[in-house]
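Got your viewer open and ready to click around? Let's take a walk through this one together, one selection at a time.

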Amino acid sequence: MKPLTVLGIETSCDETAAAVLRLDENGSHVLSDIVLGQAAQHAPYKGVVPEIAARAHVEGLDATVAAAMSDAGLGYAELDGIAATAGPGLIGGVMVGLLAGKAIALAHGKPLIGVNHLEGHALSPRLAEGGATFPYLLLLVSGGHCQFIAVMDVGVYRRLGATVDDALGEAFDKVAKLLDLGFPGGPLVEKAAKNGDSKRFSLPRPMLGRNDCDFSFAGLKTACAREVARLGTLTQQDKADLCASFQSAVVSIVEDRTRHAMRAFDPIYGARGRLVAAGGVAANQAIRMCLEGLAEERGYEFVAPPLRWCTDNAAMIALAGAERLRLGFSDDLSFPARSRWPLDEEAARLRPSHQAGRKGAKA
Ligand code: KG4
Ligand code: ZN
């Protein structure tokens, strides 16, 4: 195949990111990978403020793209395409990145690829050398998403189950907020949990044992809020114990749900395969260890992207764009920014023969 070099742009949440990636017959090669975080701007509000995020993307994107191009040592003429996240995400930010991508594509006469952010996460385990080969069972756990996806090929995704309420990263962030730990909450809860007693609080484990692959975290989060209210003033040890108890409940839920997802994945696709974790929460060591153990027990290979590609980044967007370009797909400059954009719908558009709803897949 002809090597394809693609600039990726990611602005769907609170990371302004740009990367250049080359895809050839040996796989993907990340030539540059810049992430400008906005955590400090959002920290006073203990969560991502969409208006602040959009403004920060406007302010930071030009320099981020310039840095990615300069790190890669390339000029725009040497690119084969421009890939920008077109959703799902915070719409103001998505519009900033997508418009910038369109402008670069137009100015330099390059094809534009409007990338589904979830497709970026789904393909991110393939960024690393010797990364996951298709098919694999993906647990996508981020601040906005929590789902199992059977990743069969580029553009062929089937959702096996998802959260019915909060995403797992959202639950981590809300617990951190309850305990006034700071933002973003996930890594801070994980850190606090290291010094805590995971057995001190008896917290619910919603959906445990249910015969499907769905998640629910709202009850667990509410139970944490109840404990905080009951304790009144919290010591550092109380906080650590609550974090440890929360994380331990999360690990049992993830283990049980993944066990069910593997059972669903095995017969549909005929072979035991690979279990892949991606998304910000996949950076959590306790969750990674649990998944690793489970994979070993069931004869699966466990793959997780390096930490920097678990959280939002543009290398995964460039990869998704390059893969789609390789298949002959590009998008019109009228391509819309979308706050909601399920991955299965994308599968239906790219490969009509692999629509959701076949072979027992959940839409
Ligand atoms: O994938 P990501 O960067 O952005 C979204 O697309 O949502 O994920 C961010 C989420 C946040 O909720 C953050 O708290 C969580 O991932 N997260 C973690 C850890 N690192 C990031 N959650 C638990 N443990 C971690 N170590
Ligand atoms: Zn993400």
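**Before you start**

This is a predicted model, so local features are used only at pLDDT of at least 70 and side-chain atom pairs only at pLDDT 80 or more, while totals for chains, interfaces and linings take in all residues. Residues count from 1 along each chain as its sequence is written, chains are lettered from A and ligands numbered from 1 in the order written, and side-chain values use heavy atoms, with hydrogens and water left out.

Helices (H or I, at least four residues) and strands (E, at least two) are DSSP runs, numbered from the N terminus.

**Stop 1**

H117 counts as buried at 5% relative accessibility, and D312 counts as buried at 15%. "Buried" means under 20% relative accessible area, "exposed" over 50%, and "partly exposed" in between (1.4 Å probe, protein chains only).

**Stop 2**

Next, colour the open sheet of 5 strands with the order 8-7-6-9-10 and mixed pairing. Two strands pair if DSSP finds at least two bridges between them. Strand 8 (156-162) and strand 10 (301-303) stand at the edges with a single partner strand each, so one side of each has no neighbour in the sheet. From one strand to the next, the twist averages 25°. Axes are lines fitted to C-alpha atoms (for helices, over the stretch in contact), and angles run from 0 to 180 degrees between N-to-C directions.

Show helix 9 (residues 285-297) too: it packs on this sheet, touching strand 6, strand 9 (274-278) and strand 10, and its direction makes about 160° with that of strand 10. Contact means heavy atoms within 4.5 Å.

**Stop 2: strand 7 and its partners**

Zoom in on strand 7 (residues 146-153), which pairs with strand 6 (residues 136-141) in the antiparallel sense over 6 bridges. A hairpin through 4 residues joins the two. Find L138 and look across to I149 in strand 7; V141 has C146 as its bridge partner. Is strand 7 mostly covered or uncovered? It is mostly covered, with 6 of its 8 residues buried.

On to strand 8, which runs antiparallel to strand 7 and is joined to it by 6 bridges. The hairpin between them has 2 residues between the strands, and there G155 takes a positive phi near 85°.

**Stop 3: two cysteines**

Select C146 and C213. How far apart are their sulfurs? They are 12 Å apart, too far for a bond. A disulfide is a pair of cysteine sulfur atoms within 2.5 Å, and the count comes to 0 disulfides. C146 is buried at 2% relative accessibility, and C213 is buried at 7%.

**Stop 5**

Now pick the open sheet of 5 strands in the order 3-2-1-4-5, with mixed pairing. Strand 3 (27-37) and strand 5 (112-116) are its edge strands, and the twist averages 20° from one strand to the next. Strand 1 (residues 4-10) and strand 4 (residues 81-87) pair in the parallel sense over 4 bridges, with I9 opposite A84. Helix 3 (residues 91-108) packs on the sheet, touching strand 1, strand 4 and strand 5.

**Stop 6**

Most residues other than glycine have a negative phi, and most peptide bonds are trans. Go to the bond from F134 to P135: it is cis, with omega near -10°. The bond from F183 to P184 is cis as well, with omega near -5°. Finish at D180, where phi is near 55°, and M207, where phi is near 75°.
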